[in-house]
Amino acid sequence: MAAEEMAKLRCMPKTRCTVKSLVVVLFFLLVWTMLMQSTFVPNKALLCRQLDSCSDDNKLSLRSDELQARERHSPSTLLPPKRIYKSNGYLWVSSNGGLNQMRAGICDMVTIARYLNLTLVIPELDKKSFWADPSNFEDIFDVQHFINSLRDEIKIIKSLPHKFNEKVRYDLFSMPPVSWSNEKYYSQKILPLVQKHKLVHFNKTDSRLANNGLSVELQKLRCRVNYQALRFTPQIEALGNKLVSLLRKNGFFVVLHLRYEMDMLAFSGCSHGCNDEEVEELSRMRYAYPWWKEKQIDSAEKRLDGLCPLTPEETALVLQALGFERNTLIYIASGKTYGGERRLAPLRAAYPNLIKKEMLLTPDELGPLQNHSNRMAALDYLVSVESDVFIPTYNGNMAKVVEGHRRYVGFRKTIKLDRKQLVELLDLYQRGRLSWYQFSNVVQEIHRDRIGQPTRRNVNPKFPKAEDYFYSNPQECLAPLTMSTYDDQGSTSFHY
């Protein structure tokens, strides 16, 4: 029967024309409907912002609706408009250090490229440092999101044009920019170089842009790169979300960045609690890396100056003094603890619920990340940002960058340990010169205002290295500071 009907239709040209017309009309109706749906929410949100008459809840709802609307449509509707500008040349950078040192450096390089109107090449990641991680940018970060999300600021390309092959081969125009430099340095010293040669290669990216004294627009761009454009790959994000979800099932959890690792101990020269064999091993490692400038180090003196990571034993006492109960779930965000389980034993005795990512994820899930320290560090970063409390035992790059990220997402509690005072208190307590009650009270008191609350970044133009780090307190990107905010945060109680 269907075949007969089809035959009749083929014999009726007028009907065929009518059907075609109907299809065309339906197609245009469908396109019109989709366009109306795609523009409705953004216009609603725009109207609300223009009138400034929406409640906070309505604004949040509008933003949520807008995001959902964007997600329903093709990727092209997600992209900001391209910024049209005449490029002065290409900025090619080789990042140095671990994950978070490179992360901050990449944010600076984007900001410098935008300020000088350059085209940025996707950064190269450090493969020669202690960790020897062979990962490329696209193995850790979502490279297409990085390019697309910043297209209204700068043009980012995945590789240098072929015409620069010879210059690259002979390492021409390669240099480390001066540390802690401001806009004037880049406009007066770097821009003429890149205008002349059309390419400059920065072979170091750590701390190459000043903490303070920059325009608010550039500071906010640093934040935009850090908290929006530098997104981890979908695979890493999915595993990080799974870790957070598993930890959340138990309710409250703390992330302890226990930086008692071989590389940090060797680099800092800290050997408190180590035996003679371990001290010798750490010393040999320090001499094996020529770019670690300090060689002869007085470990005891450095510890008293607060420049050493706390040991697991010291950490256990500090956590107890701060009021963390024995059953607290603690996620250790770090690599292998120097000395292994033997050194972790005192901490585990005090807090049996110590968790590592290897205990929560399967070997198959962790397989692609194994032997890639920066990818593993990315998981720890995601969990650290989302934890109820974040406690670093050493003020390294991860501690600083996570602290700033937690401020950015709502001043989540980050206990920044005062190691200089703590080691003095620990020694007094362990010698019997302080009671537990006295020790605990003093530890809580000195950390009452060190919990990641709103505070102004310290400025010291003569010694920029001594200033508060921009990425630990990006105050230009945060809510305005008021004295009432300080007062509210100051009444925090240390009982968990």
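Visitor: What should I know before I start?

Guide: Residues count from 1 along each chain as its sequence is written. The model is predicted, with local features needing pLDDT of at least 70 and side-chain atom pairs pLDDT 80 or more, while totals for chains, interfaces and linings use all residues; side-chain values use heavy atoms, leaving out hydrogens and water.

Visitor: Is Asn96 buried or exposed?

Guide: Buried means under 20% relative accessible area, exposed over 50%, and partly exposed in between (1.4 Å probe, protein chains only). Asn96 has 15%, so Asn96 is buried.

Visitor: Which side chain makes a polar contact with the side chain of Asn96?

Guide: A polar contact is a pair of N or O atoms within 3.5 Å; within protein, one must be able to donate a hydrogen and the other to accept it, and residues adjacent in sequence count only if both atoms are side-chain atoms. Here the partner is Asp206, at 3.0 Å.

Visitor: Which strands does β9 pair with?

Guide: Strands (E, at least two residues) and helices (H or I, at least four) are DSSP runs, numbered from the N terminus. Two strands pair if DSSP finds at least two bridges between them. β9 (residues 389–392) runs parallel to β6 (residues 253–257), with four bridges. Leu256 has Ile391 in β9 as its bridge partner. β9 also pairs with β10 (residues 413–414), again parallel, over two bridges.

Visitor: What covers the faces of β9?

Guide: Look at its residues: Val389 and Ile391 on one side, Phe390 and Pro392 on the other, are all buried, and both faces are covered.
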